[in-house]
Amino acid sequence: MKAAWSTPAMLVAALLFGVAASMAHADGEKLFKQQCAACHAVAANAPAGMGPNLHALIGREAGTLAGFPYSNEFKKGLTGKSWNPELLDAWLEDPQNLAPGSYMMYKQADAEVRSEIIVYLQTVK
């Protein structure tokens, strides 16, 4: 029985997937710079801005970046939760749903834009 995919076709598919993933990372970085960088840094050890540094955010417990003055509302809504793609998606969609009264006013209704920003943040380790 002949295989449905030839080796060259599988290699092309793998390369295209890699290019698409790389493009999503590039798009996410661009979107982050356009929409988030005014308040958030991502470089290791960079000082916080209006918002906390987001370097190595995924897996970090919310509200635990040393030296950043999180609001009581943020702490009330997110203490004990760790940042993962699902929580970050909900946060970016509408922070006030998770922590009413918190300082972050940015909202992103477009799921694709949120996803690209999240993919980028997953690479910032």
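**View 1. The cysteines, where the count comes to 0 disulfides.** A disulfide here is a pair of cysteine sulfur atoms within 2.5 Å. Cys36 is buried, with a relative accessible area of 9%, whereas Cys39 is partly exposed at 34%. Buried means under 20% relative accessible area, exposed over 50%, and partly exposed in between, using a 1.4 Å probe and protein chains only.

A word on the model before the next views: this is a predicted model, in which local features need pLDDT of at least 70, side-chain atom pairs count only at pLDDT 80 or more, and totals for chains, interfaces and linings use all residues. Residues are numbered from 1 along each chain as its sequence is written, and side-chain values use heavy atoms, with hydrogens and water left out.

**View 2. The whole chain, with 5 helices and 0 strands.** Along the sequence, the pattern reads α-α-α-α-α. Helices (H or I, at least four residues) and strands (E, at least two) are DSSP runs, numbered from the N terminus. The chain has 125 residues, and 31% of them count as buried.

**View 3. The largest nonpolar core, a set of 24 residues.** Such a core is a set of buried Ala, Val, Leu, Ile, Met, Phe, Trp, Tyr and Cys residues joined through side-chain atoms within 4.5 Å. Phe32, Trp83, Leu88, Trp91, Ile117 and Leu121 touch the most other members. The elements giving two or more residues to this core are α1 (7-35), α2 (72-78), α3 (85-93) and α5 (111-123). The largest share, 5 residues, comes from α5.

**View 4. Trp91 and the residues it touches.** Leaving aside residues up to four places away in sequence, Trp91 touches Phe74, Leu78, Trp83, Leu98, Ala99, Ser102 and Met104. A contact means heavy atoms within 4.5 Å.

**View 5. Helix α5 and its cap, Asp110.** At the N-terminal end of α5, a side-chain oxygen of Asp110 lies 2.8 Å from the backbone nitrogen of Glu112. A polar contact is a pair of N or O atoms within 3.5 Å; within protein, one must be able to donate a hydrogen and the other to accept it, and residues adjacent in sequence count only if both atoms are side-chain atoms. Within α5, the buried residues include Val113, Ile117 and Tyr120.
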